[in-house]
Amino acid sequence: MILSPSLLSANFGRLAQECQELEKAGVSWLHLDVIDGSFAPNITFGIPVIASLRKQCGLFFDAHLMIESPSRYVEDFARAGADLIVVHAEAETHLQRCLARIRELGCRAGVALNPSTDIAQLRWLIEDLDLVLLMSVNPGFSGQKFLPCAEQKIRAVRKLLDENGGARIPVQVDGGVCPENIGKLVQCGADVFVSGSAFFKFPPYDKRLVEFQQAADQGELRLAAQVCSEWKPRQA
Ligand code: DX5
Ligand code: ZN
């Protein structure tokens with residue numbers, strides 16, 4: 001499994017050091033929660049912060065855009081150094097075009113679904129997708145409680161992808177993930193796990209990473225998990 005710690009729970013007074021410490025601890029992905037105060041409550045950080053962190057570390061940048069009409073900004077996020085750009089289905093009218101553009105820019109393309117969004121539209125995006133992000137809380141803040149109905153949704157998405165030529169597409173879960181529930185989420189079919197509060201509140205980071213990994217105890221890797229474990233930062 002891949003753990004993608006969410007920078008939203010890091011110490012904003014020392015972001016570069018936090019990134020470097022994560023890298024030293026053996027973390028490979030960094031989840032960047034960009035929120036515009038319109039698509040979701042809260043205003044976090046954006047393009048200049050990401051561009052500046054890009055120069056400070058070699059983590060795989062997983063940019064989760066919780067912004068309205070994200071297609072307006074995908075070029076900027078690609079230029080800032082995002083490796084994976086995930087846009088919300090609820091925020092973009094021309095989703096297929098947006099995903100295709102993200103790939104043209106040399107990035108991996110992902111779609112995120114809010115807890116109440118139906119999964120059916122994924123069926124028509126499989127050719128254009130590198131990852132599906134399922135929200136297990138309503139977007140906006142870290143530290144919220146995992147919504148249990150996400151488990152069934154992970155199973156349903158894994159099945160939909162596998163039955164329609166998308167076995168290579170990993171499923172990412174975001175919100176309320178912790179060592180206590182990660183094992184179950186792996187069994188449901190998730191491959192990539194975002195963690196904010198349950199990761200950053202329990203340093204040292206190297207030990208905490210091992211706790212997540214041991215709790216995930218995945219046995220043999222699914223194809224989708226193997227695929228994304230080989231993704232590397234573009235500039236490395
Ligand atoms: C919520 C964000 C999440 C959040 C996760 O809007 O997308 O990535 O930071 O934080 P925890 O793991 O604390 O729920
Ligand atoms: Zn997120």
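I note here that the model is a predicted one.

I then looked up the geometry of the site.

**Nonpolar cores**

The largest nonpolar core has 68 residues. Among those with the most contacts inside this core I listed L7, V111, F193 and F199. Helix α5 (residues 150-163) gives the most to this core, with 5 residues. I recorded a second, separate core of 13 residues, which includes L84, V86, V192 and C228.

I took F199 for a closer look. Leaving aside residues up to four places away in sequence, F199 touches L3, P5, L22, V27, Y205, R208, L209 and F212.

**Salt bridges**

I then searched for charged pairs. Side chains of opposite charge can pair when their charged atoms come close. My count came to 14 salt bridges.

One of them joins the side chains of R101 and E75, at 2.6 Å from N to O. R101 lies in helix α4 (residues 95-104) and E75 in helix α3 (residues 74-80), so the pair ties together parts that are 26 residues apart in sequence. R101 counts as partly exposed because its relative accessibility is 29%, which falls between the limits of 20% and 50%. E75 is also partly exposed, with a relative accessible area of 24%.

A further salt bridge links the side chains of D191 and R158, at 3.5 Å from N to O. I located D191 in the loop between α6 (179-188) and β8 (192-195), and R158 in helix α5, so this pair ties together parts that are 33 residues apart in sequence. D191 is buried at a relative accessible area of 2%, and R158 counts as buried at 6%.

My last pair was E163 and K159, whose side chains meet in a salt bridge at 3.5 Å from N to O. Both residues lie in helix α5, 4 residues apart, about one turn of the helix. E163 and K159 are both exposed.

Key
Residues numbered from 1 in each chain as written. Chains lettered and ligands numbered in written order. Predicted model: local features only at pLDDT ≥ 70, side-chain atom pairs only at ≥ 80, totals over all residues. Heavy atoms only, no water. Core = buried A, V, L, I, M, F, W, Y, C linked by side-chain atoms within 4.5 Å. Buried < 20%, exposed > 50% of the residue type's maximum accessible area, 1.4 Å probe, protein only. Helix = DSSP H or I, 4+ residues; strand = E, 2+ residues; numbered from the N terminus. Contact = heavy atoms within 4.5 Å. Salt bridge = Lys/Arg side-chain N within 4 Å of Asp/Glu carboxyl O.
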